[in-house]
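User: Hi! Could you walk me through this one?
Analyst: Happy to. Here it is.

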Amino acid sequence: MREVLAQAAFQLFLERGFERTTVDDIVARAGVGRRSFFRYFPSKEDAVFPDHERCLAEMTEFLAAADDGDPVGAVSDAARIVLRMYAANPEFSVQRYRLTREVPGLRTYELSVVRRYEQTLAGHLRSRFGADGDGALRAEVIAASVVAAHNNGLRLWLRSGGEGDPEVAVDHALALVREVWGRPTVPATPTAPAAPEASVAPAAPLEVSGDGDGEVVVMVARKGTPMWRVVQQIESAVGEN
């Protein structure tokens with residue numbers, strides 16, 4: 001029934017537009033009552049992303065059984081679970097991608113879903129690195145890097161109309177993450193003097209032509225700037241835009 005409702009909803013969104021489709025329209029198309037719809041989906045937006053709850057549960061289960069020896073590799077492999085979910089139904093995935101580009105509310109909802117994936121990855125990493133100090137920071141930064149790398153490759157594939165193998169671009173991007181963050185952490189020497197805090201120039205957003213995903217943030221920072229400050233400035237710039 002969940003799949004029937006999701007299919008009916010998506011067909012109507014494509015035919016009439018998301019805003020002009022009501023829950024009554026969806027249940028009429030599916031041949032069920034309103035109660036049945038809300039048993040499976042809290043809102044219209046949830047019907048656009050019917051597979052993410054299952055995918056999130058699968059990711060959580062995968063991480064719970066992951067080897068402790070390579071936490072960055074584990075979260076990278078967990079991200080591939082999301083990729084396989086998209087690749088299993090290319091036509092639907094491409095249509096949904098295009099729909100979310102047209103409907104701001106769906107784009108916001110999608111970002112909230114992505115954030116849940118990121119929090120799941122970060123939670124696993126915190127359990128390996130520690131929940132305080134640099135351990136927590138490292139977990140948040142690596143999780144954000146994995147999600148960004150995954151989404152970069154995935155969106156390249158979606159913009160192409162689902163042509164080719166999406167794993168090629170995603171694997172390449174995730175390999176870069178592992179190259180940077182997969183190295184062992186070297187404990188800091190307690191007696192070493194603290195380096196002076198480097199100043200960071202404000203991030204400057206630059207609008208470029210594209211399909212709506214071509215927004216670029218240019219970041220200028222002094223060599224040796226702490227990673228946490230770079231991430232802070234980028235998040236600030238993205239939030240403002």
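User: Let's start with helix α2. Which of its residues are buried?
Analyst: This is a predicted model, and in it α2, spanning residues 23-30, has Val23, Ile26 and Val27 as its buried residues.

User: Where do those sit around the helix axis?
Analyst: Looking down the axis of α2, the buried residues fall within an arc of 90°, so they line one face of the helix. An α-helix has 3.6 residues a turn, so residues three or four places apart point the same way.

User: Nice. What does that buried set pack against?
Analyst: The buried residues of α2 pack against α1 (2-16), α3 (34-40) and α4 (44-48).

User: And what follows α2?
Analyst: Gly31 comes after α2, and its phi is positive, near 75°.

User: Switching topic: where is His124?
Analyst: His124 belongs to helix α8, which covers residues 104-129.

User: Is His124 buried or exposed?
Analyst: His124 counts as buried, because its relative accessibility is 7% and the cut-off for buried is under 20%.

User: What is it in contact with?
Analyst: Setting aside neighbours within four places in sequence, His124 is in contact with Leu63, Ala66, Pro71, Ala74 and Val75.

User: Zooming out, how many helices and strands are in the protein chain?
Analyst: The protein chain has 11 helices and 2 strands. From the N terminus, the order is α-α-α-α-α-α-α-α-α-α-β-β-α.

Conventions:
Residues are numbered from 1 along each chain as its sequence is written. This is a predicted model: local features need pLDDT of at least 70, side-chain atom pairs count only at pLDDT 80 or more; totals for chains, interfaces and linings use all residues. Side-chain values use heavy atoms; hydrogens and water are left out. Helices (H or I, at least four residues) and strands (E, at least two) are DSSP runs, numbered from the N terminus. Buried means under 20% relative accessible area, exposed over 50%, partly exposed in between (1.4 Å probe, protein chains only). The arc is that of the directions from the helix axis to the C-beta atoms. Contact means heavy atoms within 4.5 Å.
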